[in-house]
Amino acid sequence: MQEPIGRRWALPLLFLVLAAVPFVAQWLGEPFYVTLGARILIYALAALALNLVLGFAGLVSFGHAMFLGLGCYAVGILSFYGIGNGWVQLAVCIGVCALVALVVGTVCLRTSGIGFIMITLAFAQMFYFLAVSLREYGGDDGLNIYEASAFGLFDLGGSQPVYWAAWALLLAASLAMLRLRRSPFGMILRATHANPRRVDALGYSVFGVRLAAYVASGVLTGIAGLLLANLTAFASPSYMSWPVSGELIVMVVIGGLGNVLGPIFGAVAYLLLEEAFKSVTQHWMLLMGPVVVVIAMLARGGYGRSLAWLRPRRRAQPALVMEAQAPAQIKIHEASV
């Protein structure tokens with residue numbers, strides 16, 4: 001099936017526009033736009049990671065900010081002891097986030113629905129209060145990071161290097177997600193959301209597939225946290241708080257659940273609206289709340305639905321043709337059901 005032209009060109013056009021932001025900011029003499037753009041890219045990367053479990057697998061993780069905070073503290077604590085090597089920090093970030101995601105996922109995925117939501121929230125709050133209790137590393141006040149992550153020929157000191165690092169990682173992650181969505185693993189993962197009992201009956205481990213996705217999502221969110229720590233030169237327990245997890249969920253919903261590029265559009269829309277409302281009033285959430293509700297109600301499907309008009313009209317295939325094209329094992333299972 002040929003993909004619509006709008007969808008085919010959405011990825012390159014989006015990243016070309018994002019690549020132009022630093023040059024436009026320099027031309028306007030507004031370096032703040034680079035910092036804002038870097039923050040948008042970092043949160044877009046975290047939202048893209050969350051979309052792997054929320055959009056593909058239908059798992060509402062209300063504690064994903066935990067991994068964002070772990071990535072920040074991987075940089076902050078190592079920097080506190082004079083370890084500024086970015087590769088070491090990245091390895092520690094990946095290792096810690098993978099281990100935590102494996103443990104948390106093993107526990108949380110034994111449940112579903114509201115149980116899964118509450119357990120992920122509980123684990124995130126545990127790590128939040130753990131960070132608050134670490135007085136040696138600033139406690140509730142957070143931890144200043146005086147040395148940027150150094151990766152040999154380049155480091156992440158300043159908003160420009162962080163911007164380009166986040167841009168490159170987001171592009172790579174988007175391409176990987178596009179490939180993953182159409183891969184056998186991605187199809188099975190999405191099938192666990194549509195009908196987990198049928199996936200289990202076909203011989204696939206629903207728990208194993210979801211756990212692998214949850215670990216991968218946690219690691220990618222942790223890498224976003226590493227970039228955030230370098231952008232702000234700060235690691236704070238507030239990065240692990242439940243409102244941050246809620247913001248990531250809102251970004252994914254605004255962009256469209258399951259759409260690969262949706263979280264990026266959602267992050268851009270949400271954070272630009274936040275900056276606009278903050279310039280109007282300090283009670284900007286009073287304005288943001290109704291806007292998010294309206295978007296969620298009127299733009300169901302998010303970014304993906306917004307491009308629906310580009311799809312060519314096709315006549316529905318007859319049921320007999322669809323049945324003939326279905327895999328034999330699925331037809332046998334359907335007959336048994």
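Asn51 is buried in this predicted model, with a relative accessible area of 2%. Asn51 sits in helix 2, which spans residues 32-56. The side chain of Asn51 reaches the backbone nitrogen of Gly258 at 3.2 Å. Neighbours within four places in sequence aside, Asn51 is in contact with Phe56, Val252, Gly256, Leu257, Gly258, Asn259, Val260 and Pro263.

Helix 2 also carries Arg39, a partner in a salt bridge with Glu274. Side chains of opposite charge can pair when their charged atoms come close. The N to O distance between Arg39 and Glu274 is 3.3 Å. Glu274 lies in helix 11, residues 262-278, so this pair ties together parts that are 235 residues apart in sequence. Arg39 is partly exposed, at 21% relative accessibility. Glu274 is buried, at 2%.

Arg39 has another partner. Glu275 meets Arg39 in a salt bridge at 3.9 Å, N to O. This pair also links distant parts of the chain, with Glu275 in helix 11 and Arg39 in helix 2, 236 residues apart. Glu275 counts as partly exposed, with 24% relative accessibility.

Another salt bridge joins Glu274 to Lys278, at 2.8 Å from N to O. Both residues lie in helix 11, 4 residues apart, about one turn of the helix. Lys278 is partly exposed, with a relative accessible area of 39%. The count of salt bridges comes to 3. Arg39, Glu274, Glu275 and Lys278 are linked in a network of them.

Now the cysteines. A disulfide is a covalent bond between the sulfur atoms of two cysteines. The count here is 0 disulfides. For Cys72, the nearest cysteine sulfur is that of Cys93, 8.8 Å away. For Cys93, the nearest is that of Cys97, at 4.3 Å. Cys72 is buried, at 0% relative accessibility. Cys93 is buried too, with a relative accessible area of 0%.

Last comes the surface. Phe80, Tyr81, Ile83, Val88, Val92 and Val96 form a nonpolar patch there. Together they have about 460 Å² of accessible area. Helix 4, residues 86-108, supplies the largest share of the patch, 3 residues. Ile83 lies in the loop between helix 3 (65-80) and helix 4. Ile83 is partly exposed, with a relative accessible area of 32%. Patch members need over 30%, so Ile83 passes that cut-off.

Conventions:
Residues are numbered from 1 along each chain as its sequence is written. This is a predicted model: local features need pLDDT of at least 70, side-chain atom pairs count only at pLDDT 80 or more; totals for chains, interfaces and linings use all residues. Side-chain values use heavy atoms; hydrogens and water are left out. Patches are made of residues with over 30% relative accessible area and no salt bridge: like charges are joined within 9 Å, nonpolar side chains (Val, Leu, Ile, Met, Phe, Trp, Tyr) within 5 Å. Accessible areas come from the Shrake-Rupley method with a 1.4 Å probe; for residues, only the protein chains shown count as cover. A salt bridge is a side-chain nitrogen of Lys or Arg within 4 Å of a carboxyl oxygen of Asp or Glu. Helices (H or I, at least four residues) and strands (E, at least two) are DSSP runs, numbered from the N terminus. Buried means under 20% relative accessible area, exposed over 50%, partly exposed in between (1.4 Å probe, protein chains only). A polar contact is a pair of N or O atoms within 3.5 Å; within protein, one must be able to donate a hydrogen and the other to accept it, and residues adjacent in sequence count only if both atoms are side-chain atoms. Contact means heavy atoms within 4.5 Å. A disulfide is a pair of cysteine sulfur atoms within 2.5 Å.
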